[in-house]
Amino acid sequence: MISTVTLNPSIDYLIEVDQFKVGAVNRTAQEKMFPGGKGINVSIVLKNLGVDNKALGFVAGFTGHEIGRLVEEHGVKSDFIELEEGLSRINVKLKSDEETEINGNGPAILDSHLKALYSQIDTLQSGDILVLAGSIPSTVPSDIYKRIMTDFKERDIHVVVDATKDLLMNVLECGPFLIKPNHHELGELFGVTITTQDEVVEYAKKLQEKGARNVLVSMAGDGAVLVSETGEVLKHTGLKGEVKNSVGAGDSMVAGFIAGYIQHRSYEEAFKMGIATGSASAFSYNLATKEEVEALLKCL
């Protein structure tokens, strides 16, 4: 069983305006709506690759119902906890001469809600995979991912964490199976600027020293690096193609890595699958499909 957790999911409202003008009435040239949140993206891409999984998290109000409907429309099973008050957030992504984002806050999450989530996660068994991905609401403890992982220390649960700053650093002592910062986020953790793959390897090994088992680092158009628990250092300079939408590419890389690892039990094959899947999403206006990923795998 694979479960993903998105603590602050959203409806992503993507609008395009030919020439956006502040203070004026603007008409959209195009608009789309997607279920948003890093864990949800991982769930959708896993399903696209033929890997069943379940999406967990919190939803509220009519926007929360729509998130659930959109997720299930993608064929993903969900077991979201419905909150009694508030509204799941709407994130507006405006594309024009410049790109602008306006992100909502989301509903307040109480201790009782967190206990309900802990009860769901507590059903995981040895060999299961849990993905903790994305930012967290301000009403949730800042070490929430660490609290969740602490419960699994004595169980063989493969926990994947895709987060930034303290949210990521806090979990390292719990030995996450996989973490996936990008090279900018990796640099932020150590107060440095990282531009080369050799620098990525250096600092990824520092994260391993702190407890991470496998460190996968995306570098946008400059490829990716994997430093595995078996001592492998795998590098790739990246696939070439027209980037149409970078949103969700990192989440897709995580999904591809998981799918590849499940299928082959090989970090090299998982790395290749991650690169192909992340690139497939970047080269498309939607999240990667199985056909797009298989086409790119032939280039690796």
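In the predicted model, valine 254 has a relative accessibility of 0% and therefore counts as buried, the cut-off being under 20%. This valine belongs to helix 8. Leaving aside residues up to four places away in sequence, valine 254 is in contact with Val42, Val160, Asp162 and Lys180. Valine 254 and asparagine 8 are 246 residues apart along the chain, and 19 Å separates their C-alpha atoms.

The side chains of serine 218 and lysine 180 are joined by a polar contact of 2.9 Å. Serine 218 is located in strand 12, which spans residues 214–218, and its relative accessibility of 11% places it among the buried residues. Beyond four places in sequence, the residues touched by serine 218 are Lys180, Pro181, Asn182, His183, Gly223, Ala224 and Met253.

Helix 8 (249–264) also takes part in the lining of the largest pocket, to which it supplies at least two residues.

Helix 2 comprises the 13 residues 61–73 and extends 19 Å from its first C-alpha to its last, close to the expected 18 Å at 1.5 Å a residue. The buried residues of helix 2 are Thr63, Gly64, Ile67, Gly68, Leu70 and Val71. Viewed down the helix axis, these buried residues fall within an arc of 165°, and they therefore line one face of helix 2. In general, an α-helix has 3.6 residues a turn, so residues three or four places apart point the same way. The buried residues of helix 2 are covered by elements including strand 2 (10–16), strand 3 (30–36), helix 1 (38–48), strand 4 (54–60), strand 5 (77–78) and strand 7 (89–95). On the face turned away from the buried side, helix 2 carries the exposed residues Phe62, His65 and Glu73. Glycine 75, which follows helix 2, has a positive phi near 85°.

Most residues other than glycine have a negative phi. Lysine 165 is not a glycine, yet its phi is positive, at about 50°. This lysine lies in helix 5, which covers residues 165–169, and its relative accessibility of 51% makes it exposed. Arginine 265, likewise not a glycine, has a positive phi of about 50°. The position of arginine 265 is in the loop between helix 8 and helix 9, where the residue counts as exposed at 53% relative accessibility.

Asparagine 105 occupies the loop between strand 8 (99–102) and helix 3 (111–121). With a relative accessible area of 69%, asparagine 105 is exposed, since the cut-off for that class is over 50%. Its contacts, residues up to four places away in sequence being excluded, are Asn8 and Arg89. Between asparagine 105 and leucine 216, which are 111 residues apart in sequence, the C-alpha to C-alpha distance is 29 Å.

Note on methods
Residues numbered from 1 in each chain as written. Predicted model: local features only at pLDDT ≥ 70, side-chain atom pairs only at ≥ 80, totals over all residues. Heavy atoms only, no water. Helix = DSSP H or I, 4+ residues; strand = E, 2+ residues; numbered from the N terminus. Expected span 1.5 Å × (residues − 1). Buried < 20%, exposed > 50% of the residue type's maximum accessible area, 1.4 Å probe, protein only. Arc of directions from axis to C-beta. Contact = heavy atoms within 4.5 Å. Polar contact = N/O pair within 3.5 Å; in protein donor to acceptor, adjacent residues only side chain to side chain.
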